[in-house]
Amino acid sequence: MDLTQKKYFGTDGIRNRVGSGMIRPDQILKLGWATGKVMKARGESRVMIGKDTRISGYMFESALEAGFIAAGVDVILLGPMPTPAVAYLTQTFHADAGIVISASHNPHHDNGIKFFSSQGKKISDEIEFAVEAAFEQEIDVVPSEQLGKAKRIEDAPGRYIEFCKSTYDAVTKLDSFKIVLDCSHGATYHVAPHVFEELGADVLTIGAEPNGININQECGATHLDALQKEVVSQGADLGIAFDGDGDRVMMVDSSGKIVDGDLILYILATQSKFDVPGVVGTVMSNLGVENALKAKGIQFDRSSVGDRYVMQKLVENNWNFGAEPSGHVLCLNKTSTGDGIIAALQVMSAIVSSGKTLAELTSEVEFYPQILINQRVDDAQVIMQSDELKKAISLAEQRLADKGRVLVRASGTEPLIRVMVEGADRELVESLAEALINVVKSEIS
């Protein structure tokens with residue numbers, strides 16, 4: 001189905017600035033009711049709700065709770081928890097759906113709603129269309145005796161910590177490792193440090209003092225400077241950074257060099273104890289990683305950007321490992337959705353089992369120069385239809401020939417045009433990327 005047909009849902013749920021579009025308390029209340037109405041029509045009656053640490057989460061948690069109860073659906077509240085924790089706990093508590101209130105890596109002034117099925121996976125396009133159709137109706141509250149009830153689970157963090165630890169399968173624990181964790185002042189702040197400490201690591205933590213507005217602020221998976229400096233200054237073995245809701249992970253080695261989702265995928269594929277016929281990256285994945293994997297006889301398939309599309313290809317191919325360069329990493333042999341903590345644990349297991357450092361495990365990968373420039377726009381879809389932009393893209397592709405790639409796309413989560421150019425010649429790559437972003441800017445004016 002064409003996602004552009006959807007009125008409210010993007011590539012990862014619903015997201016916007018707080019107070020704009022759907023991200024207002026009145027709209028979120030109605031969204032809860034509409035989702036509850038669809039659930040009841042499917043014979044479902046219980047939903048689990050978690051959130052990250054941004055201040056607006058309190059408001060939207062209450063609004064969703066009221067909406068679901070009005071539709072006759074029972075609500076289980078988890079409080080601040082990583083997105084993948086909600087996916088996992090939705091399964092263990094046998095809830096019919098899971099919802100996360102989060103805008104992931106975005107600043108505190110944004111928020112959003114992510115949806116999971118009872119299997120802990122992103123909901124289907126069909127259900128999203130059904131929720132949108134229900135949203136267009138007037139709220140019809142069920143009779144009082146049919147209203148839903150709500151309760152809060154107090155030991156949710158402990159349950160998830162134990163699950164994460166159970167996915168680490170190296171024989172030796174992490175006693176000899178000094179690790180810096182950057183929790184992005186987000187949902188992993190009270191979970192990730194315990195996981196790695198209880199596995200024996202000497203853990204230094206930054207970005208673990210959320211105040212509601214500092215989530216993702218110059219820290220976490222999208223801002224690695226602080227982690228790089230801390231790893232080097234502390235003489236740590238490596239650093240691990242999560243984003244605001246914990247479904248992304250980025251790492252840095254002992255010298256501060258970044259190990260992104262592409263390289264994490266390479267480690268998982270090449271260090272697995274089991275046969276890995278193929279993996280899934282995205283159209284943003286670096287050609288160097290694709291070439292390095294193919295050299296080892298591992299097939300590399302590309303999906304559209306978005307972990308839901310990576311998941312679709314993994315399911316189609318019956319494979320376990322997929323990732324986006326931005327740090328969404330799927331380990332379907334361990335869990336049902338992208339999970340930053342669990343992906344990091346699999347890398348740690350590979351390091352321990354192989355006896356190699358993080359840098360050594362990625363030393364055979366030669367990255368192609370890749371330039372990514374983002375431009376904020378009012379209407380990305382209109383810009384993407386520009387004849388001038390299409391001509392510029394065609395010209396850039398001709399100049400790169402078969403020695404590189406051009407990708408210009410509208411972001412699925414923010415009002416941005418993303419321009420990516422990749423190729424063997426760094427100077428050419430940089431000049432083409434600059435030329436393309438200048439065309440985007442001229443089309444805005």
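Predicted model: local features only at pLDDT ≥ 70, side-chain atom pairs only at ≥ 80, totals over all residues.

Me: OK. How many helices and strands does the protein have?
Reply: There are 15 helices and 18 strands. Those are DSSP runs numbered from the N terminus: H or I of at least four residues for helices, E of at least two for strands.

Me: And what's the radius of gyration of the protein?
Reply: It's 22 Å, close to the 22 Å that the globule rule gives for 445 residues, so the protein is as compact as a globular protein of that length. The radius is taken over C-alpha atoms, and the rule is 2.2 Å times the number of residues to the power 0.38. Along the principal axes, the C-alpha atoms fill a box of roughly 65 × 60 × 40 Å.

Me: What share of the residues counts as buried?
Reply: 58% of the 445 residues. Buried is under 20% relative accessible area, exposed is over 50%, and partly exposed is in between (1.4 Å probe, protein chains only).

Me: Switching to salt bridges. How many are there?
Reply: The count comes to 23, taking a salt bridge as a side-chain nitrogen of Lys or Arg within 4 Å of a carboxyl oxygen of Asp or Glu.

Me: What does Lys6 pair with?
Reply: Glu128, at 2.2 Å from N to O. Lys6 lies in the segment before β1 (14–17) and Glu128 in helix α4 (residues 125–135), so the pair ties together parts that are 122 residues apart in sequence. Both Lys6 and Glu128 are buried.

Me: How about Arg405, which residue does that one meet?
Reply: Glu422, with 3.0 Å from N to O. Here strand β17 (residues 404–410) holds Arg405 and strand β18 (residues 416–423) holds Glu422, 17 residues apart. Arg405 is buried at 17% relative accessible area, and Glu422 is buried at 0%.

Me: Which residues do shared partners join into one network?
Reply: Lys6, Asp125, Glu128 and Arg308.

Me: Back to α4 then. Which of its residues are buried?
Reply: Asp125, Glu128, Val131, Glu132, Ala134 and Phe135. What covers them includes α1 (25–41) and α10 (307–317), with contact meaning heavy atoms within 4.5 Å.

Me: Now the second largest pocket. What's its volume?
Reply: About 270 Å³. A pocket is an open set of points on a 1 Å grid over the protein atoms alone, where a 1.4 Å probe fits, with protein on both sides within 12 Å along at least five of seven lines. The volume is the space filled by probe spheres set on the points, which are joined across faces, edges and corners.

Me: Which residues are closest to its centre?
Reply: Asp169, Gln271, Ser272, Lys273 and Ser349, out of 15 lining residues, meaning those with an atom within 4 Å of a point. The elements giving two or more residues to that lining are α8 (261–271) and α11 (340–354), and α11 gives the largest share, five residues.

How values were computed: Residues numbered from 1 in each chain as written. Heavy atoms only, no water.
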